[in-house]
There are 4 protein chains.
Amino acid sequence: MKVELFKIPQRSPDDCTGLEQLIQAGAIAPEQIVAILGKTEGNGCVNDFTRGFATQTLKHYLSRWLSADALGNIVFVMSGGTEGVLSPHLNVFTRQPDPPDAVPRLGLVMGTAKTRPFQPHEIGTLTMISVVAEAVAEAIAQSGCPPEHIHFVQIKCPLLTAQQQSGSPVSSYQSMALSRGASALGVAIATGELSLSEIGTVDICKNYHLYSSVASTSSGVELQNCEIFVLGNAPTSTSSLIIGHSVMRHALDVLAVQEAIAQTGQPNPTIINLFAKAEADPSGQILNRRHTMLDDSDISHTRMARAVVGSVLASVVQDPMVYVSGGSEHQGPPGGGPVAAIVQISV
Amino acid sequence: MKVELFKIPQRSPDDCTGLEQLIQAGAIAPEQIVAILGKTEGNGCVNDFTRGFATQTLKHYLSRWLSADALGNIVFVMSGGTEGVLSPHLNVFTRQPDPPDAVPRLGLVMGTAKTRPFQPHEIGTLTMISVVAEAVAEAIAQSGCPPEHIHFVQIKCPLLTAQQQSGSPVSSYQSMALSRGASALGVAIATGELSLSEIGTVDICKNYHLYSSVASTSSGVELQNCEIFVLGNAPTSTSSLIIGHSVMRHALDVLAVQEAIAQTGQPNPTIINLFAKAEADPSGQILNRRHTMLDDSDISHTRMARAVVGSVLASVVQDPMVYVSGGSEHQGPPGGGPVAAIVQISV
Amino acid sequence: MKVELFKIPQRSPDDCTGLEQLIQAGAIAPEQIVAILGKTEGNGCVNDFTRGFATQTLKHYLSRWLSADALGNIVFVMSGGTEGVLSPHLNVFTRQPDPPDAVPRLGLVMGTAKTRPFQPHEIGTLTMISVVAEAVAEAIAQSGCPPEHIHFVQIKCPLLTAQQQSGSPVSSYQSMALSRGASALGVAIATGELSLSEIGTVDICKNYHLYSSVASTSSGVELQNCEIFVLGNAPTSTSSLIIGHSVMRHALDVLAVQEAIAQTGQPNPTIINLFAKAEADPSGQILNRRHTMLDDSDISHTRMARAVVGSVLASVVQDPMVYVSGGSEHQGPPGGGPVAAIVQISV
Amino acid sequence: MKVELFKIPQRSPDDCTGLEQLIQAGAIAPEQIVAILGKTEGNGCVNDFTRGFATQTLKHYLSRWLSADALGNIVFVMSGGTEGVLSPHLNVFTRQPDPPDAVPRLGLVMGTAKTRPFQPHEIGTLTMISVVAEAVAEAIAQSGCPPEHIHFVQIKCPLLTAQQQSGSPVSSYQSMALSRGASALGVAIATGELSLSEIGTVDICKNYHLYSSVASTSSGVELQNCEIFVLGNAPTSTSSLIIGHSVMRHALDVLAVQEAIAQTGQPNPTIINLFAKAEADPSGQILNRRHTMLDDSDISHTRMARAVVGSVLASVVQDPMVYVSGGSEHQGPPGGGPVAAIVQISV
């Protein structure tokens, strides 16, 4: 299967004109779309409806060509928050049979999966971890990439609104972290980075030494289940693209960004996009300097963390249209997070 | 002892001109000041430095007349947040010996106290509750008012910054609630509303059916101990003022505001000030209608709760210069809170 | 024509379940819907996409029954911002032929109209005022109510995003005010409150002594033209409802709210909804007390103004599900705004 | 005169412990302090009282050693806003007579000046520009550096609060921009970058092709005049430091940051601090990609701009304790701004 990626600017959450142009031009065939990963311009927190608005618009638009069943197979992951220089866009992943004359070589492969819907009381639990781990394993198997060669696993997971969590000790905002954290631990199990027996209930969103180096999870009010896609390289690929990744040890880890790009092995690479997770260092310090993100009661620290990591990535590639998602619980080390680069194969 | 209250507008947190005028005019004698309760114009949350700025300014200003020891006896309670129509101001409470010709009658009395500083790990615990209860009992005894006739207990309590709570599961913002909640439960014990044996660790900021009807607690980064004053009526008073109170059952409980005023028994009362606590109803509903304060990730719900209750109180007395403080954990029933009125004795 | 109003709670901007129930129950016939006025839970400012999300969802939902032409005739006005106690909801106005046995009496009538799309440079100009005035006059004529008996004119008008106004001296946020202000002045001309010759370019969003007492205008990124509906009473009505209005002189003007209700002449009225405009008093003072809304750089003053007026209205009727929209330029006097009440006819 | 710079972390706006340690250790002599440039943790906008709080605290602290006159000669410039990774700190500049054995070489020199207080109606006018230009010229003359070799001019300028600008068409927030812009144009005249005859009233905060490459201006509520210091290199210096500068053409201009450092001519330089201005590109685009900072009504774009440029500078030097101030009207080209580096002389 040949996987490709198209990065498309959006003027607003309900803007399909860029996608429309590529479809009209024949570059994208609607039935080949397997996943759409978007960066929308809401606050990226509980009451961010730009994610749902974008998803609704895309589904409605694509229903011109696709049946409800076919639409239901596409993984929609909208991540809110384009703070700072981040520029709203869609990443449209397509997959099609290998062209007859294609010569396989090491390159991008992908798989997708969806979990069952979660009950409110399951969010952020060992149950959620297990269910996610199974679905990620399924997506990995579909991709044809060995688990240890997976470079990036993206999950969209649910959260609890005030109404859903009424009476519970968990706030809506906290439920976002728990959902992201449990999903990331599910990835770690599927990739073999951790085993389920190493994780206790008390570790979830507490013991951040347990993490996945390839998980990227975003929570949103617009779904009740988890939607998943995995990316890796395999020698059977006929894609024009290849992926690399690294782990940012802190929000200013420029070297890790450069490593992720270098890992693709392409000289003077043409970068399609970077993908990273961001969080305000929970220690209250970055590089031994105090930061104020966790004590600022006017701006959510996840918003600020996206602004920081977005600026760092954008300054490396001199392109603000990069994908940075906030809240990296169990995704990379505390204060850091995974970063991946998808570039064109030039050699 | 004769207690009086002066409500003084502030143009900024470091504005002493109103106080200066009253001192110059002889209305206030600096050495008679026992407590200053301010409403300052910060965000009322973790990084609100207007409270410390106002306190520093007042202490510096009053040091012209008062020794460090005398200054140390004054209770400074600065509560941040003047959202909506709320207007920044100081409530200066003075106490002086009974004038020789004064005839005692039922009227305002007050007492003050301070606790020892708390360790970070004590914030929001049974230990804090006990220590606060003892200090409140001391202030009540000083006031000469029987515990069951206390109408209002104001406490300023500490919080944890990101640096202080590093490694702890409690965020800075959560520490504000825990500190307020434990302080309020301490009040309930001192007034006899609850007994310590009724309260378990698990109840703190969880079981909101346990509450005081007269506690008003505010947390701030600017102190490590609790500063306390209590207000009640006693037949031995020579004050020109009298206090009444009630409990708002929800944020729109206009009747409770009117009851607090009516309880003072003054026809056509001249109201000096109203004092109330506010919180976004934790059920996510007010009067069976959904509210969005708890899911709004851009504005802290404590800020919105102050705007709401401030508007309600101000609309009743047609004066926006009222005292409303946010976060009413264990202060009145969930979604509601105590309200007190200090009015002039006219009969 | 018989006009009715249904107030329907919304759980989220894309929630149609309440409307669905009324349609399924036969209470609302889709083809009788003439206007939907919603209060959605975004920030009510430039980047509030909840308005567009709600509109898109409603149009998509109603397209089950209505042709594109029929849908195009419905006026959709989504006003963002449910700060404080305000509760998200839809006001669905229906209009149907008079029932054969109906006896006309003084009651609610309505008319609708839409302007042509505006060019970016026309927003907030005399041209916009004229075009709006014509369309409002058309809606009034349609309603069958004399201009001087109109009680409420609702307009949804456009704004300029950063991209549209690039190079212009007007910011996106300012364009919202200019669009609302010019639309309101258009209303004043149509109702005869002002004549076009009284208004100069320099008056727009400057001279607030020029205003309409019945205009309620909201700007949004989701449209380029103005959508309008007008409400009044006429003796030919067969509606079960009647409307009254008054003008709040300031944000705490409880009396005006009571007057609007009393004007309907119904004893113990069952109130369907209140409709009001809100703004932070541009003088920086309310009832001679300083407010801080205009100097708070963390929360838009329009958000706070809605919280205040929403709390005041809700406290009067003890129902937080009222309609309050922010930004009352040329809608009532500075710091105040129109308020209308629609109640059931009981006598 | 020998100029030195000490960068001191602050735990809060009223934290003097770092300064205290350096004074106790003899590294800083209070009477040699000529300017303190601070980065405080408020919102950096109108209602940021952390600036005044820090200044009041520092003045009070230094009054132990310095007379009121001596204190009055120190230039205090507090710039609010430590968004993202920026870390609150003070830059303490000292000046002392040349040590007897010092050998002059090219290095850091500085001068200071203060303007008269401005009337509210003068903020942002040609009058302000002229008055500032004169004072900057005075500071330059004092520094002993030729105007064309000046690398950095820092000005703290006033703003208008809602009360001060009542009735004026300028909002508080806009007055910050006008004050910064006029001050920067004053710098351009003093340095010879522009002449007064080139600037019309209509150009102020409109025509951004007129700018200074070395101006850095911050407005605040805590003063009515402008406080100024200038930095340059001169061959007569006995400082251990040297300064370089460049102009960032956009917020992600990493090369300009590296140029500013390289311009100091020091191999493997030990960087004391970087100083830069930041603004959200008024075109709505950065590097041809749309940004959403100007349309985000929940977070001031100046806050986001600081987060971005702070992240970029910090990523270059791997130190988040850098000085970035928001609002670069007439300070560098639109969307960009000056950047300066002070490093130790190693050769």
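In the predicted model, helix H2 (residues 50–62) of chain D lies across strands S2 (33–40), S3 and S4 of that chain. The angle between helix H2 and strand S3 of chain D is about 150°.

These strands belong to an open sheet of 4 strands in chain D, ordered S1-S4-S2-S3 and with mixed pairing. Its edges are formed by strand S1 (2–9) and strand S3 (75–80) of chain D, each of which pairs on one side only. From one strand to the next, the twist averages 15°. Strands of a sheet pair through backbone hydrogen bonds, in either a parallel or an antiparallel manner. In chain D, strand S1 and strand S4 (residues 89–96) run antiparallel and are joined by 8 bridges. Within this region, D:Phe6 stands opposite D:Val92 of strand S4.

Chain D also forms an interface with chain C, in which 24 residues of chain D are in contact with 24 residues of chain C. The area buried between chain D and chain C is about 1,800 Å², and carbon and sulfur atoms give 42% of that area. Between chain D and chain C there are 2 salt bridges. One of the pairs meeting in a salt bridge is D:Arg303 with C:Asp298, at 3.0 Å from N to O. Polar contact across the interface of chain D and chain C is found for 10 residue pairs, with both residues at pLDDT 80 or more. On the side of chain D that touches chain C, helix H5 (residues 172–190) of chain D gives the most, with 3 residues. The residues on this side of chain D comprise 6 nonpolar, 12 polar and 6 charged.

Conventions. Residues are numbered from 1 along each chain as its sequence is written. Chains are lettered from A and ligands numbered from 1 in the order in which they are written. This is a predicted model: local features need pLDDT of at least 70, side-chain atom pairs count only at pLDDT 80 or more; totals for chains, interfaces and linings use all residues. Side-chain values use heavy atoms; hydrogens and water are left out. Contact means heavy atoms within 4.5 Å. Buried area is the accessible area (1.4 Å probe) that two parts lose on being put together, summed over both. A salt bridge is a side-chain nitrogen of Lys or Arg within 4 Å of a carboxyl oxygen of Asp or Glu. A polar contact is a pair of N or O atoms within 3.5 Å; within protein, one must be able to donate a hydrogen and the other to accept it, and residues adjacent in sequence count only if both atoms are side-chain atoms. Helices (H or I, at least four residues) and strands (E, at least two) are DSSP runs, numbered from the N terminus. Ala, Val, Leu, Ile, Met, Phe, Trp, Tyr, Cys and Pro count as nonpolar, Asp, Glu, Lys and Arg as charged, and the others, Gly among them, as polar. Two strands pair if DSSP finds at least two bridges between them. Axes are lines fitted to C-alpha atoms, for helices over the stretch in contact, and angles run from 0 to 180 degrees between N-to-C directions.
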